[in-house]
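This report concerns a chain contact, a strand with its partners, and a helix. Please examine the sequence and the model before reading on.

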Amino acid sequence: MKACTHLTVQCEGSDVKTVESLASGGALHAIQDAFYKEHGLQCGFCTPGMLMRAYRFLQDNPNPTAEEVRHGMSGNLCRCTGYQNIVKAVLTAAKTLQQTAVAA
Amino acid sequence: MNAPLSEREKALMGMGEPRLRKEDARFIQGKGNYVDDMKLHGMLHMDIVRAPVAHARIKRINKEAALKIPGVIAVLTADDLKPLKLHWMPTLAGDVQAVLADEKVHFQMQEVAVVIGEDRYCTADGVEAVEVEYEELEAVIDPFEALKPGAPVLREDLVGKAEGAHGPRKSPNHIFNWQAGDKEATDAAFASAAVTVSQDMHYPRVHPCPLETCGCVASFDPVRGELTTWITSQAPHVVRTVVSMLSGIPESKVRIISPDIGGGFGNKVPIYPGYVCAIVASIVLGRPVKWVEDRIENLSSTGFARDYHMTGELAATADGKILALRTHVTADHGAFDACADPTKFPAGMFHICSGSYDIAAAHCSVDGVYTNKAPGGVAYRCSFRVTEAVYLVERMVDVLAQKLGMDKAEIRSKNFIKREQFPYKSAFGFEYDSGDYQTALDKVLNAVDYKALRAEQAEKRADPDCPTLMGIGLVTFTEVVGAGPSKICDILGVGMFDSCEIRVHPTGSAIARMGTISQGQAHQTTYAQIIATELGISSEIIQVEEGDTHTAPYGLGTYGSRSTPVAGAAIAMAARKIHAKAKTIAAHLMEVSEADLEWEIDRFKVKGNDAKFKTMTEIAWAAHHQPPAGLEPGLEAVHYYDPPNFTYPFGIYLCVVDIDKATGETKVRRFYALDDCGTRINPMVIEGQIHGGLTEGFAVAMGQLLSFDKQGNIQGNSLMDYFLPTAVETPHWETDYTVTPSPHHPIGAKGVAESPHVGSIPTFTSAMVDAFAHLGVTHFNMPHTAYRVWQQLKLAGIAS
C-alpha cells in the first residue's frame, strides 16, 4: 500500500507493517537476507518499499516465476539496480520461505 | 594462524572478492539516514514560490497575505538577499545565476521567493498566498533562433559584456565558442577525401531523476557562530568552500555533511538556490531550516542533462579507413551557464569524440547558447559530455558503414586503435592509457554469434510476412574519466585531486576517510577491500567514512566515475605508507633487517622461514606499545593524490531489437554489455551498477524527454510523463568483461559505471536505425517511443 495514496483514517482497524517490523529477535527476515545476499540494493532509497512489497507479493504468490515477480514489483521504482538483482532476491526469498514453511 | 594461503586471502575479503556489502545492514532495516530523515529541535521548513512563466519582468511581489498565515515566519525575495549580496551567485561554469529572480524571470519554475514556516503545511499555504505580478516577455526556446539577430535578449545583466568566461560572445544570447583539434589539417583531409559523410543529430534534454530529490537542513548556531548543513551533495567539500566564500563564515566554522544519498547521477553536484536560501534563512532566524523539493520541482529546476544539437562528419578512404572527424555543436545551456564542468572545459570532455578509433585529424567546435529554460547540461552519468561524444562518433561510424555497404563490426575493427599503439595520443590531445578493443569485440561477437544474427536479419528482411523489423546495434566506446590532473582540471579553482586518511588502531582494526561520497556505489565496501589487500586487515573491520567535511580530508567528491581512479589511488598510496612503516616495525620486532622480510597476504615473514612472522594485528599493537626508537608511535597515514592523467575505460555493447511493424513497439531481445574498467575491485558491485546504468540508458534512448512549448512551458516534468522504467519494461541484461589495467594507476583501476549509461544509449539508437537500414534510413533521433518509431515506419512505407 502506498503511503501517498491512502489517508491514515482509511487504515483504521488494519494491521500496518513497515520495514522495521520485518526483522525479529535480532534475526533478519528471509526477504531482508535475500536482498543482502543477492545485492538487491545500492543507494537504499527504494529498499524499504521493495521489501514490504515483496513481503506482501510473496504472501499472495509464494512460488512466482521471474516474470510474475517483475509484474508484482512493477509498482516500485528503482534507479540504481535495474531490477535484475531485486528479481533474483525475491525469487531467493520465495524459495527460502517455502523451505521454512515445509520444515514447519 | 597458519591456515592455507587461500583461506587467509579469503578471510581478508579484499581486492577482487565479490563480497557482500557493508552498507546493506542499515538500508534493509529502515535505518538509512537521508536528509529528509533529519529532524532537529526547533527546525523550520522552507518552500519555494516559483515562476509560472518562462520569461517575464517581475512588477511586484506582495508578501502580506502569506505573512498573515499562522505559522509562517518569513518570506524572502531577491530584495532581501541584496544587502547580503546573495541575490546572485557564481556558477561552476564562470557565469552567475539568480538565487531568487531579481526583477526578471528567466525560466518557468525559477525560484522567485521562499517562505519559511513552522511546518510543511503552513509553508505550502504561504507559497500559494504570495502574490507576484509578472509582465510576460517573448520566450526564447529554440537555440538556433536565440542566435539570430533581433532575438529577444535573455541576459540583460550581461548586456555590453562582449567577453564571457570562456572568450568572446558572438551575440547577446551566445555564451561561448570552444574548439579543440586541428581545423586546418581536418579541413584539408575532408577536401581531399574519397568519401565523406555528414549527419545531423540531436541528443535531447533529459534529467537524471534520482529517487531522492534534492534538499538540505541548514543549522546555524548563533552562540558558536558555526554553520552545519546536511545536504544532498556529491561534493561536500566544494560546497563548504563556496558557502564560506558566499557567507563570510570561515571554512573552519562551516560543516557540510552529506549523509546517505538516495541516488545522485550528477543531479546533486550543483549548488542550488534552495540550499543558499535555506542557509541564509537559518543564519538570519537562528534556527534550523529544512528544504526538500518535490518531484516536479526536481525535474523542472535542477540540473538537466544533454541538449546537444550536433552535426558530425567523417572523411574516409573508399575502403573505410577514417581519415578525419569534424563536428559542430549548438549547446542549449538554459538561462544561466551552470554546467558542472572543470573550469577550462565549457564543453566538458566532448573532445573524446574521436572514440576508439585511430583518426589522424579531427576538429570540434561547440557554441553554447542561452535559452529560457532551467540551467544545467552536464549530469546523468555523462562523465562530462562523454555521453554526447560517444553518441556522435558511434552514430557517424554507423553512417559511414552504411554508405560504404560495410558491416558495422568490420568497419570498427578496421579503424580501432591497436593494442600496440597504447599509450595513444589522440588527434584531440588525450593520451589514452591502455586498451585492447579487438579482443573485447571478438569476445562479444562470439558470445552472441553475430554471424547467425546477421543471417537471421537477412532472412527476416527477405520475408514480407515477417511482423517485425530486426535491428542489431553495436557500439565500441572509449570513455575518459577520473578527472583529473590539477594542472588542467579544477572546480572553481580547486584542483581535482582527492584524498585518503587511514588510522590503524592498537587492536588491529582501522578507520579510513576519503574526500569522495557514495550515493549507492558501495564505497564503504570497495574502499575497505583496497585497504584490506594492501594492509592484510580484513575488510570487515575497516570502517570507511565519507561526507563529513569536519573529519574527511579535502576531496572533490563523486561524479564522472572519478572515485576509484582518484580517491582509490589515494587509498592505495596512503595504505602503502602504513605498509612501509609496518615493515620497519616488523623488522625491529623480529630483529632482522627489512631486506630479510617478505609480505605474504596478512603478514611480514622472514624469507625462507615460515615460522617467523608478524601479522599486521601484532604490528598495530607494537606501534602503540613500544615503537622502535626514532619512529613515531601510531600507525596512520594521509595521502592527497593528484592524478597524472585521466583513465580510459572502454566497452563493447551489442543489442538486438524486434520492432512491431504495425505499432512501432520495440522488444529488446538481447543486450550484451562487455566492460573493461581495468582492475576490478568487487565484481558483484560492478555488475549491479552496470545493470543500473544500462536501465538508465534504456530509459533515455527509448522514452525520456523534457520538452518545451513555444511559450517555454516545460512538458513532461512529472512521473505521469517522464519515463522511468519499472521491472516490467526493463530488459534482462547480460554482462561480461575484459581486464586491461591502467598503467599509471597504483592498483590499475580505471573507474566504472557511467560506462553503461554512456555506451548503451547509442547502442539502442544503433539497433533501432539498423532495423531500417536496408531501406536507406541512416538516423532518427531519440527517444524511440512506439509513437515516434511508428512515424518512421510510416515514412518508410511500412506502417499505414
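The text below treats the strand, then the helix, then the contact.

The model is predicted, so that local features need pLDDT of at least 70 and side-chain atom pairs count only at pLDDT 80 or more, while totals for chains, interfaces and linings use all residues. Residues are numbered from 1 along each chain as its sequence is written, and chains are lettered from A, ligands numbered from 1, in the order in which they are written.

Helices (H or I, at least four residues) and strands (E, at least two) are DSSP runs, numbered from the N terminus. In strand β27(B), residues 498-504, six of the seven residues are buried (20 or more other C-beta atoms within 10 Å of their own, C-beta atoms being placed from the backbone). Its pairings (at least two DSSP bridges between two strands) are listed here.

| β33(B), residues 635-641 | antiparallel | seven | R503(B) and E636(B) |

β27(B) and β28(B) form a hairpin with five residues between them, and G508(B) in the turn has a positive phi of about 100°.

After α8(B) comes G248(B), with a positive phi near 85°.

The contact between the chains (C-beta atoms, placed from the backbone, within 7 Å) takes 33 residues from chain A and 31 residues from chain B. Helices α1 (30-37), α2 (47-60), α3 (66-72) and α4 (84-103) of chain A each supply at least two residues of the side of chain A that touches chain B.

Definitions and conventions:
Contact = placed C-beta atoms within 7 Å. Buried ≥ 20, exposed ≤ 12 C-beta atoms within 10 Å, placed from the backbone.
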